[in-house]
Amino acid sequence: MITIIDYGLGNIRAFANVYERLNILVSIAKTNDDLKDATKIILPGVGAFDFAMSQLNKSGMRETLDKLVLEHQLPVIGICIGMQILAKSSDEGVSPGLGWLDATVKRFDASFLKSKTQLPHMGWNTIHPNNDNPMLVNISDDSRFYFLHSYYFQCNNPKDMIATTEYGIQYASAVNKKNIYGVQFHPEKSHQWGIQLLKNFADL
Amino acid sequence: MLRPRIIPCLLVKNGGLVKTVNFTHPKYVGDPINAVKIFNEKEVDEMIVLDIDATAQNREPDYGMIRNLAAECRMPLCYGGGVKSMEQVERIISLGVEKVAMSSAAVGNLGIVAQAAKVVGSQSIVVVMDVKKTGRGSKYEVWTHNASKPTGMSPVDFAKQVENLGAGEVVINSIDCDGVMKGYDFGLVHEIREAISVPITVLGGAGSLKDIAALIHAFGIIGAAAGSLFVFKGIYRAVLINYPSRAEKDALVIHGHQNH
């Protein structure tokens, strides 16, 4: 079953609603016990890096998640700050991240941005899929997603980037290595494009 | 390409949706959850929901309502109304809201903006400035408590301060233009736009999609918010929730965007 991690940030209910409409069973995990039937994991998130890490550590699920993702290799997708904490560290905070991906999180350099409005990167933008990853089935170059962030995910291995977005620079808006996925945007808040992406995750 | 945002703004009073004119004469227009369901179908870019009673009545935000709205919204949600403490900001984020708006709390205690931005991140902290032209020189001034309390602060200075403290977005809400539907106050937007570089959303005055196109044409990537325009139809202000179709939106975004 797809299990959504409830660690006190991110819109758990919005993910559950999308999957209910798709007739796909989901569960919500607040404790280790709730992770027993997980076959896929969603790590949602809205917030700052250190806050997200401290909430996840406080939830008591950290070790079990490490085991499920790294040893049992369950598919996992991190959303927004849930993606950023997959990295080793972030310019935004001092806490170490989960370190599941070889990446760091950087602040956008505002001097690259031409527009008067700069940061956060806020609103609807397009993504450019750069290979035929199963997570991006039926997602074309003109698909739009909602972004809300001032920091971006920098992969040390460029092969991990499966889609990029342009905001001053081309940066990784979707990543994948083995069973681990991350998207910078909010699929749960991106109308039918987001629903397609969440369906793709369910179909993995 | 990042696109400008076109945002319905819903006002909540006694649990129902209302629309005001110059912050007065609230007219009941329906049920908030129903409105969100209709806006979902219309694929709106984002929603703002402001509880206009909470601060005036000095009460807590209605967490049950916020939870229901956040769960129902298939687009990002910004909630404002009665938010004055860190605990409230964290609680509202935990209910699944993407952005929390503060207004009078930020005026009274700038520290809350800095603290909230540090904990939940700048991208989720919005400051709403209710602005009115006052005094002999017709100067812009920030007001609070449903336009009943002047603060003596200029919107430009206030916007700069909250940006420096970490606010990720400033909503400019024109009291003079609210519900009048004769266009946005470009002079006010221009002053703020020159002063800060975080995203700006403009509320108050939109009477037609042309007003929105004009705002995008003048300012490029900006949030164009509206209340009356998206809940009323026709000169008799019949309640009918509406929003530009994807094609209409593309046309006004692309047309308006050519300058930028």
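Q: Which residue in S3(A) is the bridge partner of A:Thr3?
A: The partner of A:Thr3 in S3(A) is A:Ile41. This is a predicted model, in which local features need pLDDT of at least 70, side-chain atom pairs count only at pLDDT 80 or more, and totals for chains, interfaces and linings use all residues. Residues are numbered from 1 along each chain as its sequence is written, while chains are lettered from A and ligands numbered from 1 in the order in which they are written.

Q: How many bridges join S1 to S3 in chain A?
A: Three bridges join strand S1 (residues 2–5) of chain A to strand S3 (residues 40–43) of chain A, and the two run parallel. Strands (E, at least two residues) and helices (H or I, at least four residues) are DSSP runs, numbered from the N terminus; two strands pair if DSSP finds at least two bridges between them.

Q: And what stands opposite A:Ile41 in S4(A)?
A: That is A:Val76. S3(A) pairs with strand S4 (residues 76–79) of chain A, also over three bridges in the parallel sense.

Q: Changing topic, how many residues of chain A are in contact with chain B?
A: There are 32, in contact with 33 residues of chain B; contact requires C-beta atoms, placed from the backbone, within 7 Å.

Q: Which element gives the largest share of that side of chain A?
A: S7(A) does, with six residues.

Key:
Contact = placed C-beta atoms within 7 Å.
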